[in-house]
Amino acid sequence: MTASPVTERRAVPSRERDIPRSDPRDRAGARPGRRPGRPSEPAHGPTGPSRRATYGLDAFTFFIANLQTSFGPFVAVYFTQQKWTQADIGLALTVGSLVSLLGQMPGGAFVDASRSKRFAAAFSAFWVGASAVMLAAFPTYLSVMLAMALHSAASCVLTPSIAAISIGLVGHARAGERLGRNASFSAIGNALGAAGMGAIGYYFSNDAVFYLAGLLVIPALVSLSFIPSGRNPEPGKGRSAPPREPETREAGGLGALLKNRALLCFAACMVLFFLANAAMLPLVGSVMTLRASETATALVAACIMVPQAVLALTAPFVGRLAQRWGRKPLLLIGFAALPIRGLLFALVSDPYWMVAIQVFDGISASVLGVMVPLIVSDVTRGTGRFNTALGAVGTGMGIGAALSTALAGFMADELGSQAAFLGLAVVGAAGLALVLLIMPETRRTDGDEAA
């Protein structure tokens with residue numbers, strides 16, 4: 001009879017002690033089955049992508065660079081071996097260049113519209129490899145033209161796909177570091193691919209170079225399978241940021257890009273850069289052939305390898321600095337290296353010193369290899385037009401490069417190679433001045449992120 005009251009008196013304070021310990025989220029209507037303190041996390045983890053995804057993207061970038069190397073000087077060598085005339089070779093290369101120039105924006109728009117960036121990358125990589133096999137298996141005039149056009153069109157999709165996967169994988173805050181890593185692995189792939197394919201062409205045949213390029217698609221696609229599937233986050237959006245509402249996205253396609261002042265400024269700067277840069281190495285090759293004909297081939301190869309080595313070593317460092325210093329200081333360094341390089345080429349006559357001067361080309365390549373996709377991502381963030389804008393900038397770069405060779409050739413014929421180098425240096429200095437005067441800083445601060 002006395003046990004019951006004691007039990008009641010002990011139960012009351014127990015309930016009273018439990019009240020302040022209860023989770024406020026339970027009073028707010030949280031479901032009892034949900035574990036407290038465990039917010040949902042992105043598929044790639046709270047601190048970044050998994051090692052599996054990181055190494056997969058590294059390997060994919062490496063193998064794609066190997067594959068694309070076969071469409072460099074080896075194409076001209078192969079066509080010459082097939083007894084093609086220089087006019088036919090020039091026409092085939094022109095077809096590829098025109099498709100590449102005209103396909104930049106459509107290729108970027110295709111990637112923007114694609115639900116899976118990984119599928120877009122796999123699809124385009126397959127056709128790049130298929131076009132390489134077509135060159136070796138069917139060396140007829142029509143099939144070669146088709147293969148060159150197919151390669152250029154697929155490349156217009158492949159490049160923005162890699163950029164979109166990279167930024168979507170790590171988020172905007174770490175995009176610079178990831179893009180620098182991409183540039184480093186791409187440079188290593190270019191260098192090793194050139195060496196390996198040159199050896200295969202020497203010991204076997206030029207046909208084997210393109211068959212090897214086709215086989216490289218297999219490890220590239222296997223590497224891509226390590227990257228998480230599904231729709232990638234939109235480039236330029238942080239992984240921890242809340243999703244934007246559909247009405248905050250800009251519409252209008254090309255019209256929206258034409259109203260983007262920072263994007264237009266950057267595109268104008270890149271046109272001037274490539275107007276000065278694209279013809280510089282071919283002009284160096286011509287000068288070396290005249291001054292050291294016996295060793296010209298080896299010296300030109302060294303001129304290609306030196307920038308690739310600098311790019312491989314410095315690109316990750318540039319990516320990290322982009323997050324600390326901002327974009328504009330590094331962009332100024334990359335643009336400043338170009339007029340210095342042109343001026344030194346005009347003043348130096350020793351071919352071996354000209355090889356050493358190519359270090360400045362590596363500096364520019366390292367900076368722009370990271371800055372181009374990163375700045376485009378900055379200025380199109382939240383618009384859904386990243387890849388289309390990247391294609392637009394690529395089109396401007398292609399126009400500048402196409403005009404560069406004509407401009408340098410005219411100056412070299414009329415005024416001499418020294419004047420041509422000086423003229424290209426002046427154009428590069430104009431691009432540097434344009435960056436300094438009109439290009440805004442595009443890195444967002446913490447306050448901008450909060451806003």
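Colleague: Are H9 and H18 roughly parallel, roughly antiparallel, roughly perpendicular or oblique to each other?

Modeller: This is a predicted model, in which local features need pLDDT of at least 70 and side-chain atom pairs count only at pLDDT 80 or more, while totals for chains, interfaces and linings use all residues. Residues are numbered from 1 along each chain as its sequence is written, and side-chain values use heavy atoms, with hydrogens and water left out. Helices (H or I, at least four residues) are DSSP runs numbered from the N terminus. Axes are lines fitted to C-alpha atoms over the stretch in contact, and angles between N-to-C directions run from 0 to 180 degrees. Under 35 degrees counts as roughly parallel, over 145 as roughly antiparallel, 65 to 115 as roughly perpendicular, and the rest as oblique. The axes of H9 and H18 cross at roughly 140° and come within 9 Å, so the two helices are oblique to each other.

Colleague: Which residues of H9 and H18 make the contact?

Modeller: Contact means heavy atoms within 4.5 Å. Ala175, Gly176, Leu179 and Gly180 of H9 meet Val370, Pro373 and Leu374 of H18. With Ala, Val, Leu, Ile, Met, Phe, Trp, Tyr, Cys and Pro as nonpolar, Asp, Glu, Lys and Arg as charged, and the others, Gly among them, as polar, this contact divides into 5 nonpolar, 2 polar and no charged residues.

Colleague: At what angle do H16 and H18 pack?

Modeller: Helix H16 (residues 327-347) and helix H18 (residues 359-379) pack at about 145°, their axes 9 Å apart. Among the residues that meet are Leu331 and Phe335 in H16, and Val367 and Met371 in H18. The contact of H16 with H18 holds 15 nonpolar, 2 polar and 4 charged residues.

Colleague: How are H14 and H16 oriented to each other?

Modeller: The axes of H14 (residues 280-291) and H16 cross at roughly 15° and come within 12 Å; they are therefore roughly parallel. Met280, Leu281 and Val284 in H14 meet Leu338, Arg341, Gly342 and Phe345 in H16.

Colleague: How many salt bridges are counted?

Modeller: A salt bridge is a side-chain nitrogen of Lys or Arg within 4 Å of a carboxyl oxygen of Asp or Glu. The count comes to 4. One of them joins aspartate 58 and arginine 178, at 2.6 Å from N to O. Aspartate 58 lies in H3 (residues 51-69) and arginine 178 in H9 (residues 175-203), 120 residues apart, so the pair links distant parts of the chain.
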